[in-house]
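Subject: Structure handover

Hi,

Here is the structure I promised you. Please open it and keep it beside this email while you read.

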Amino acid sequence: QGRKLTVSGSIPGVLKDAWEKVKISDTYPGEEQIYQEDLRPQYHFTSRRGWLNDPNGLVYHDGNWHLFYQHNPYNHNWDNMTWGHAVSSDLFHWKERPAGLNPDAEGYMYSGSAVVAPKGSTTLPVKDESLVLAYTANGFLSYLPDHKAVQSVAYSEDGGKTFTKFKGNPVVPHVIAENRDPKIFWHEPSKHWVMPLYYDGPDYGIYVSKDMVKWEKTSDYKIPTDSECPDLFELPVDGDPNNTRWVAWGAQGKYMLGSFDGRTFKAESGPHQYYFGSAYAGQSYDNAPEKRRVHFGWMRDTGPGLNGAPFNLQMTLPMDFTLRTDSKGIRVHAEPSKEIEGLRQDTKEWKDLVVEPLSVDPLAEFEGGQFEIEAVIDASSSASEIGFKIFQDHLAVWKRADQTFTGANGPQSPVDGKIKIRLFVDTVSLEVFVNGTYTSRYIRQTAGTKPVRIVANGGEVKFDSLKIHRIKSAWK
Ligand code: FRU
């Protein structure tokens, strides 16, 4: 999986001391350069400094989206797991706050989730409407030799500025292997809290609690071929509130569809594949306004990461999930969250455009940087290969012969006779949504190569519409 969780040997003293001595502050040496570095994504979340992995504790509170994340504030590599913390009112402009959870005698602060506790719903010593975080304390490292991963809670009574770890931690003792990644949510019909928890291999358990302190195990479920980072949520099918399915989600973006009665998840179908490419360990907001199901993933890297940058790795775009019925059945469908529209500028648009192999490419003069392409392509176009080439090496191309999409979105039959592509380029990333599926990868914008070319091989491509938008920096 590109990154090993077992750490052998001892932690260098300097890192052990680091979380005592180094206070995360709003100012860093080289502060003026932050967000202007060569490799810095301009509309994806990155931490100001250091490593990041999984999004954690996604919760909406008081007009703010909170994004916590697995973070090593002191270095470029995975270590010292801390919950970084940032807030935004629009999912794109983030303000980093001091860390939410720091490692301590409980161990490293592994992935987990957050909720706003409704009135009277917890016996934790907190005021109503407090933020409550559920996390894994993992002390398997050599400095805590006999410690095994357990589940704990922490809370904030000041809207997420400061956090207190519950004195009675852990709330779920060690169960099995590296059990981890509690995703808590409130189940209104049962009037209790639910915690899907990762066990081992494809196995997950479900716990319930009336008070967030005493948890009872109710059942197990599996996401075959996936593991880690559960999410569990209900969505209407094709917008019909009387026909819903529960989605049991794993770190690789594989998911089971089924039912959930508050205690047991019963799978009906799956595993289905949603993510392709480098996305991993995503989770969604349970309490987003307008009943939206907004999801962030982590764009991990199998290569050297962003070597040379003072930060490492980025989140995916925020995306809104729905369930839609297509030729394969009911599937998770995603669109980039609508807030991206607030960052668009200099839009160029073509309607009923026909491009042939020898046509002048209307996108040829477009320069690199940050941009979005929206295309609705008529699938009856005669070309055998249709799509876009990004910085010479990266194809986002539909092949008529086998109806597959390079860039790994997999088989893609046209929907209502159309192929809909939305493609996003940021400083070091390419993300492609095709008919509601998603793929992502890291790229390098190489000087001298064309940022984008239309691919029309072996015939003509008919665009019902084609748009290209520049995307403004969220940092400036
Ligand atoms: C997923 C994961 C989680 C774990 C975290 C540790 O990427 O392995 O299962 O909690 O990363 O950083």
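Glycine 387 has valine 397 as its bridge partner in strand 27. Strands here are DSSP runs of E with at least two residues, helices are runs of H or I with at least four residues, and both are numbered from the N terminus. Two strands pair if DSSP finds at least two bridges between them.

Before you go on, note that this is a predicted model: local features need pLDDT of at least 70, side-chain atom pairs count only at pLDDT 80 or more, and totals for chains, interfaces and linings use all residues. Residues are numbered from 1 along each chain as its sequence is written.

**Strand 26 and its partners**

Strand 26 pairs with strand 27 (residues 394–399) in the antiparallel sense, over 6 bridges. Their hairpin has 3 residues between the strands. There, phenylalanine 391 takes a positive phi near 40 degrees.

Strand 26 also runs antiparallel to strand 33 (residues 452–457), with 6 bridges joining them. In strand 33, isoleucine 454 is the bridge partner of phenylalanine 388.

Now look at strand 10 (residues 192–200). It is mostly covered, with 7 of its 9 residues buried.

Phenylalanine 185 stands opposite valine 194 in strand 10. The hairpin of strand 9 and strand 10 has 4 residues between the strands, and lysine 191 takes a positive phi near 50 degrees in it.

Strand 11 (residues 203–209) is joined to strand 10 by 7 bridges, again antiparallel. Tyrosine 204 in strand 11 is the bridge partner of tyrosine 198. The hairpin of strand 10 and strand 11 has 2 residues between the strands, and here glycine 201 takes a positive phi near 50 degrees.

The domain assignment gives domain 1 (13–336) and domain 2 (339–471). Such bounds come from an automatic or database domain assignment. The C-alpha centres of the two domains lie 32 Å apart.

How many residues of domain 1 are in contact with domain 2? The count is 30 residues of domain 1, against 26 residues of domain 2. Contact means that the C-beta atoms, placed from the backbone, lie within 7 Å.

On the side of domain 1 that touches domain 2, strand 17 (275–277), strand 22 (319–326) and strand 23 (329–336) each supply at least two residues. Strand 23 gives the most, with 4 residues.

**The whole chain**

The protein chain has 1 helix and 34 strands. Its C-alpha trace spans about 70 × 55 × 40 Å along the principal axes. Of its 476 residues, 45% count as buried. Among contacts between residues at least 6 apart in sequence, 59% join residues at least 24 apart.

Best wishes

Terms used
Contact = placed C-beta atoms within 7 Å. Buried ≥ 20, exposed ≤ 12 C-beta atoms within 10 Å, placed from the backbone.
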